[in-house]
Amino acid sequence: MARQAATLDDLVQQARTHARIRVAVVAAEQGLVLKTVQDAASLGLIEPRLIGDPDAIVACAKEAVDLDRTMIVAAKSEAEAAQAGVDLVRTGEADAVMKGQIHTDAFMRALLDTERGLRVSGQRVSHVFMVDIPTYPKLLAITDAAINISPDLNAKAQILQNAIVLLRHLGIETPKVAVLSAVETVNPAIVSTLDAACLALMAKRGQIAGAIVDGPLAFDNAISADAAREKGIVSEVAGDVDILLVPDLVSGNILAKNLEYLAGATAAGLVMGLSAPVVLSSRADPPAARLAGLALAVLTHRSAPSLPDTECAAEPESAIHCAAQPETACGPIGG
């Protein structure tokens, strides 16, 4: 088990102790993307494979980025670039994928394609933000704020299990999870409180493994032991939470961006549940967030589920059993 990281910089330093991974950078023709890739390569984290317009990539690199001995894969469009990134993973020429200067929907469409993408039968695809907040003593995971729009109970269980797997790779042996809602009591009129109570019981019964789960909890009770105490809430999670499971994509995205823009936080995002780690950077992300996203990919790539053999690939199971990601439930936001 790795030592627990308290900041995004700790993640980068932790990743430096691992072997480099090969990263397919989709739509790499942007200065900030190339600078991040250069920094990650200089730190020994990655070997980049740059995908896009070769002339534009060279022009954006200028003198600030060394492209000597760097693989460049030509692509004429966003769709072609995204598919090229997927193909590099499928052929064993890349270990992870990073979003560059490309719209999220075009990027994720190629990744989630049931025939030519990186989907794995029976696996829920979800997103985790690792957030470094100056006023909180450790990294805080927020899930899912980018892919699953309005997950049901089965989907939330798998989203949560993905986040637990990620945090265990980051050195947190038994993460503490708060399942968020607007209130801390079960109210049949608020579906997220019912889901939260079910998830907490599922964790106690072993249906969700490897974490201490409590909910429903409002955000203040999850993040502050004092707030929980004032409301008479007895909780192992309150004030020491590692993972916030949000009710839906909208609330999670608002929460993550609130922390970034009003609390000085930095958030690095990773897609879980595909056959390779996927760094889903926003075009507005600062270099530190992008670099930490690559560090997350380094720390998790060996645990990614494998693609099945083409000849024996099974159809995704029913959502009743495993909540396999249906296309209608996946609407990655633009960024």
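Which residues in α4 meet which residues in α5? In this predicted model, E78, A82, Q83 and V86 of α4 are in contact with A106, F107, A110 and L111 of α5. Two packed helices are described by the angle between their axes and the distance between the axes. For helix α4 (residues 78-90) and helix α5 (residues 104-112), the angle is about 40° and the axes lie 9 Å apart. Angles under 35 degrees count as roughly parallel and those of 65 to 115 as roughly perpendicular; α4 and α5 are therefore oblique to each other. Their crossing is right-handed.

In soluble globular proteins, nonpolar side chains tend to be buried together. The largest nonpolar core here consists of 59 residues, and L11, M130 and L166 have the most contacts inside it. Helix α11 (residues 287-300) supplies the largest share of this core, with eight residues. Leaving aside residues up to four places away in sequence, L11 touches A5, L139, L170, A295, L296 and L299. Another core, of 29 residues, lies apart from the largest one; L88, A94, L274 and A276 are among its members.

Helix α7 (residues 191-204) has 14 residues, which at 1.5 Å a residue should span 20 Å; the C-alpha atoms at its ends are 20 Å apart, so the two values agree. The buried residues of α7 are S192, T193, D195, A196, L199, A200, M202 and A203. Their cover includes helix α6 (153-169) and the strands β7 (176-180), β8 (212-217) and β9 (243-245). Just after α7, G206 adopts a positive phi of about 85°.

Definitions and conventions
Residues numbered from 1 in each chain as written. Predicted model: local features only at pLDDT ≥ 70, side-chain atom pairs only at ≥ 80, totals over all residues. Heavy atoms only, no water. Core = buried A, V, L, I, M, F, W, Y, C linked by side-chain atoms within 4.5 Å. Buried < 20%, exposed > 50% of the residue type's maximum accessible area, 1.4 Å probe, protein only. Helix = DSSP H or I, 4+ residues; strand = E, 2+ residues; numbered from the N terminus. Contact = heavy atoms within 4.5 Å. Expected span 1.5 Å × (residues − 1). Axes fitted to C-alpha atoms, helices over the stretch in contact; angles between N-to-C directions. Parallel < 35°, antiparallel > 145°, perpendicular 65-115°, else oblique. Left-handed = near helix turned anticlockwise from the far one by under 90°.
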